[in-house]
Amino acid sequence: MRLTSSNARGASFSYVTLTLLLWMHCCHIASIFGQESALTLVENTEGGEEEEVRVDEGDLDAVQPTEDWQTLKPGQAVPAGSHVRLNLQTGQREVRLGEEQLKYWTQEHGEAEETQSSFSPDELKRAMKKIKEDMNPDSVAYKYRPLEELKRDMAQLELLVETDAQIMRRLLTQFNSSNSTTEQRLNILLELEYLVHQVDNAQTLCSLGGLQFMLEGLNSSDFRLQESSAFVLGSALASNPVVQVKAVESGALQMLLTTLATAQPFQVKKKVLFAVASLLRHFPYAQRHFLSHGGLQVLSELFRADGGGVLRTRIVTMLYDMISEKELISQAGLDLVLDASHEERVRQYSMVSLQEELLEKGWCSLVPQLLESTEHDYREKALRALLAMAPVCLEQYRSDSSLLGSLLSLRDQYQDMAQSEMIIGDENSYFAEIVELIDALEVKMK
């Protein structure tokens with residue numbers, strides 16, 4: 001039987017179609033059995049034939065499909081899930097992302113790819129070098145992070161990084177606001193007291209006008225604000241010459257003495273006394289003004305009025321510190337070759353006639369009264385102060401029969417306690433030290 005030309009072409013086309021269908025069926029069976037390479041043909045509406053291929057990419061150059069059709073070169077491997085078609089018009093194989101892959105081909109992914117590919121080779125080298133340096137345990141960058149970087153991180157967390165100066169400025173603004181309540185002001189003073197323990201912060205507080213706020217707080221009608229303001233002031237003055245000078249120039253000493261001389265709650269007087277002691281410590285200029293403004297008279301009235309002994313002990317300790325400072329400076333002047341600054345300091349202390357003022361204001365008979373306390377610590381501080389005052393008070397000591405009786409009674413009491421300490425093997429004998437103080441005072445009084 002002979003076929004016409006049209007029949008031949010039809011038969012040829014049917015044969016090709018049958019072959020492709022059998023190929024498609026075989027590839028489908030292969031994919032079911034988990035073969036590494038498979039080819040699936042699907043109907044192509046563009047005049048070509050589309051196939052889905054999974055190829056082992058181990059030893060081949062893999063193509064990177066996109067959402068658009070691209071020509072597949074001979075020998076190139078195709079990632080699993082990609083669509084491959086044979087374009088019957090061009091005779092070339094083409095590839096693009098499969099349906100599942102296209103689901104994840106979002107605009108954000110495309111932007112990320114573009115960003116990642118925008119780095120030059122030199123930029124990548126520098127970045128890798130920096131990473132290597134930062135990972136070195138000995139490098140500063142490994143241990144610490146720049147402040148600006150921390151601020152950026154905190155900003156992303158919606159947190160605010162402030163320096164101590166910025167915090168104090170904000171706190172002072174809130175403290176001075178008419179909308180702030182008393183409780184809010186008390187909390188602000190508590191935060192400031194914590195900050196001014198650092199020398200730089202205390203000086204910054206003065207430069208921001210905080211010293212004037214504290215002095216105004218001493219005149220508040222609320223005793224809690226008075227107490228807290230005095231506490232902040234005392235902490236800022238402690239061992240801080242710059243703040244001490246500014247405080248004296250601002251009239252802080254007169255205001256503190258006025259507060260002590262007026263009727264105030266015990267807690268207020270205790271904090272104000274702390275501020276006075278901080279202002280006078282190692283500051284002969286302030287000590288001289290303290291004496292000239294009647295400071296010893298104010299303290300003597302406060303000493304007589306205190307029945308519990310807490311304020312008495314603080315006053316006696318402050319006087320003892322002032323006497324000891326002057327003696328140490330004078331002794332150093334005898335033992336060492338002084339420079340100009342030390343000579344000036346010796347000269348300033350020589351102008352502080354503290355012991356003469358103590359004798360004149362009756363402190364030689366006031367301090368022995370603290371020996372009547374039952375607290376060992378109070379007695380110890382009284383004995384040390386009595387020894388320091390001995391050069392000007394010896395005559396009064398010798399004529400004070402109550403002082404002599406107290407010393408005899410305390411000697412018997414503390415000798416027994418010191419003996420008990422020796423029995424239990426206490427190397428740091430506290431009571432033995434008190435006995436030594438009593439002995440030293442008695443020797444001076446003979």
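## Helix packing, salt bridges and a hairpin

Helices here are DSSP runs of H or I with at least four residues, strands are runs of E with at least two, and both are numbered from the N terminus. This is a predicted model, so local features need pLDDT of at least 70 and side-chain atom pairs count only at pLDDT 80 or more, while totals for chains, interfaces and linings use all residues. Residues are numbered from 1 along each chain as its sequence is written, and side-chain values use heavy atoms, with hydrogens and water left out.

First, the overall picture. The chain holds 23 helices and seven strands. Of its 446 residues, 37% count as buried, where buried is under 20% relative accessible area, exposed is over 50%, and partly exposed is in between (1.4 Å probe, protein chains only). Taking contacts (heavy atoms within 4.5 Å) with a separation of 6 or more, 60% come from residues 24 or more positions apart.

Back to the helix pair. Helix 11 and helix 14 pack at about 20 degrees, with axes 8 Å apart. That makes helix 11 roughly parallel to helix 14. The axes are lines fitted to C-alpha atoms, for helices over the stretch in contact, and the angles run from 0 to 180 degrees between N-to-C directions. Under 35 degrees counts as roughly parallel, over 145 as roughly antiparallel, 65 to 115 as roughly perpendicular, and the rest as oblique. Among the residues that meet here are Phe223, Glu227 and Phe231 in helix 11, and Lys271, Val272 and Phe274 in helix 14.

Helix 21 (residues 376-399) and helix 23 also pack together, at an angle of about 10 degrees with axes 9 Å apart, and are therefore roughly parallel to each other. Their contacts include Leu383, Leu387 and Tyr397 from helix 21, and Phe431, Leu437 and Met445 from helix 23.

Now for the charges. Side chains of opposite charge can pair when their charged atoms come close. A salt bridge here is a side-chain nitrogen of Lys or Arg within 4 Å of a carboxyl oxygen of Asp or Glu, and the count comes to 13. Here are some of them:

| Salt bridge | N to O distance |
|---|---|
| Asp222 and Arg224 | 3.1 Å |
| Glu442 and Arg411 | 2.5 Å |
| Lys271 and Glu227 | 4.0 Å |

Lys271 is buried, at 16% relative accessible area. Glu442 counts as buried too, at 18%. Asp222 is buried at 17% relative accessibility, whereas Arg224 is partly exposed at 32%.

Finally, the strands. Strand 6 (residues 82-86) is largely enclosed by the rest of the structure, because four of its five residues are buried. Strand 6 pairs with strand 7 (residues 93-96) in the antiparallel sense over four bridges; DSSP has to find at least two bridges between two strands for them to pair. Within that pairing, His83 has Arg96 in strand 7 as its bridge partner. The hairpin has six residues between the strands, and Gly91 takes a positive phi near 80 degrees.
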